[in-house]
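Subject: Structure for you to look at

Hi,

Here is the structure I promised to send over. Have a look at it first, and then read on for my notes.

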Amino acid sequence: MIHASLSFNVDSNLIQAALPLFAAEVVEGMEWSFDTLHNRPDIPEWFEELLKSYGDAGRLVGHGVFFSMFSGKWLPEQAAWLAELKSLTTRFRFDHISEHFGFFTGADFHKGAPLSVPYCKRTLALGQDRLLRIADACGCPVGLENLAFATDAHSARIHGEFLEALLAPANGFLILDLHNLYCQLHNFGLDSAELLAGIPLARVREIHISGGSWEPSPFRPQPGVRRDTHDAGVPERVFELLATTMGQCPNLKFVVLEQMSHALADAESHSQYQADFLRMRDLVHLETERRSPNRILRDFLPSTIRLPKKPLEDTMLYSEQMLLSQILENSASYDAANAAIQSSALASGEWSAVNWDPAMLETARQIARKWKDGF
């Protein structure tokens with residue numbers, strides 16, 4: 001069975017929008033971004049009971065945001081993040097744990113923009129080390145979500161191949177975010193069949209759907225660059241992708257609707273959110289009916305984990321990341337950011353910034369400047 005699920009947390013807008021769905025008992029699974037409550041140390045009793053209820057039923061999944069798994073330097077905050085995750089797994093039963101792909105710009109662990117890294121041996125080894133450490137801390141299947149942002153079309157095309165190599169040592173699973181895929185399709189004029197062919201669909205245990213927004217760009221015709229901002233209803237194209245993609249994912253277990261709480265501030269947005277969930281649920285049930293009831297899903301449990309005590313670090317990568325962060329966060333214009341990057345070590349070598357799409361560089365600059373003081 002595939003579980004129609006909500007990404008849910010302690011937030012008044014989200015609670016008001018989702019409450020009718022919980023009351024109708026149609027929410028079959030729950031995803032909790034457990035590390036987003038860093039400013040709220042106490043979990044409300046009602047929410048803890050909800051987590052336990054879904055966990056005891058095998059319907060609770062954890063989704064991390066702030067681990068920054070590709071940071072070249074091992075940070076004290078990452079050690080604390082793993083310790084907190086280990087503690088949470090003694091309180092709640094997670095079916096699996098996942099994290100975002102990328103690294104965070106900025107010096108503050110809970111500020112900055114999530115950006116990608118070069119797909120090379122150095123970053124592969126670093127990511128494998130970090131994913132195994134998450135698996136060691138949580139003792140359940142671990143996975144990563146495909147990225148919405150890419151610097152150029154080639155990076156978008158090879159992202160799936162890199163994910164496969166990254167996930168393999170931990171027997172990890174993939175969250176296929178279909179709105180992220182939609183962003184890639186639009187921003188680089190790619191074909192969905194071509195892009196999906198490069199993604200390890202047999203590793204997909206969870207699918208995300210969400211909405212987003214358009215960023216006007218001098219480098220793109222209207223409507224501009226598609227952004228994964230999670231602040232609107234689900235586009236028709238994403239529902240189409242859901243209907244056609246689920247059947248290609250033999251180990252799919254959860255389909256999750258995500259939306260940022262600030263976009264759920266009125267009755268109209270609540271109605272759209274609820275309608276999107278119910279439409280998603282109908283599509284999920286249709287796919288479940290097509291499947292054999294005796295189908296055995298891959299468990300994605302990690303094998304014996306042997307890790308060196310000291311986490312892997314790459315000081316050169318870290319200095320490159322900090323340089324990129326500084327340029328993106330402080331450049332007042334695209335021209336200033338581009339000139340600074342092209343005159344730096346980032347222009348060539350593994351970062352190969354000389355090949356970056358101008359529209360995506362400007363988008364990265366906008367994201368970094370927006371996030372540098374937190375979200």
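T363 sits in helix α12, which covers residues 358-371; helices here are DSSP runs of H or I with at least four residues, and strands are runs of E with at least two, numbered from the N terminus. Please bear in mind that this is a predicted model, where local features need pLDDT of at least 70 and side-chain atom pairs count only at pLDDT 80 or more, while totals for chains, interfaces and linings use all residues. Residues are numbered from 1 along each chain as its sequence is written, and side-chain values use heavy atoms, with hydrogens and water left out.

With a relative accessible area of 4%, T363 is buried. Buried means under 20% relative accessible area, exposed means over 50%, and partly exposed is in between (1.4 Å probe, protein chains only). Leaving aside residues up to four places away in sequence, T363 touches F149, V225 and R227, a contact being heavy atoms within 4.5 Å.

T245 and A193 are 52 residues apart along the chain, and their C-alpha atoms are separated by 9.7 Å.

Now for the cysteines. How many disulfides does the structure hold? There are 0, taking a disulfide as a pair of cysteine sulfur atoms within 2.5 Å. C183 is in no disulfide, and the nearest cysteine sulfur, that of C249, is 18 Å away. C183 is also buried, with a relative accessible area of 1%. C120 counts as buried as well, at 12% relative accessibility.

Finally, the chain as a whole. It has 12 helices and 12 strands. Its radius of gyration is 20 Å, close to the 21 Å that the globule rule gives for 375 residues, so the chain is as compact as a globular protein of that length. That radius is taken over C-alpha atoms, and the rule is 2.2 Å times the number of residues to the power 0.38. Along its principal axes, the C-alpha trace spans about 60 × 50 × 40 Å. Of the 375 residues, 58% count as buried. Among contacts with a separation of 6 or more, 80% come from residues 24 or more positions apart.

Best wishes
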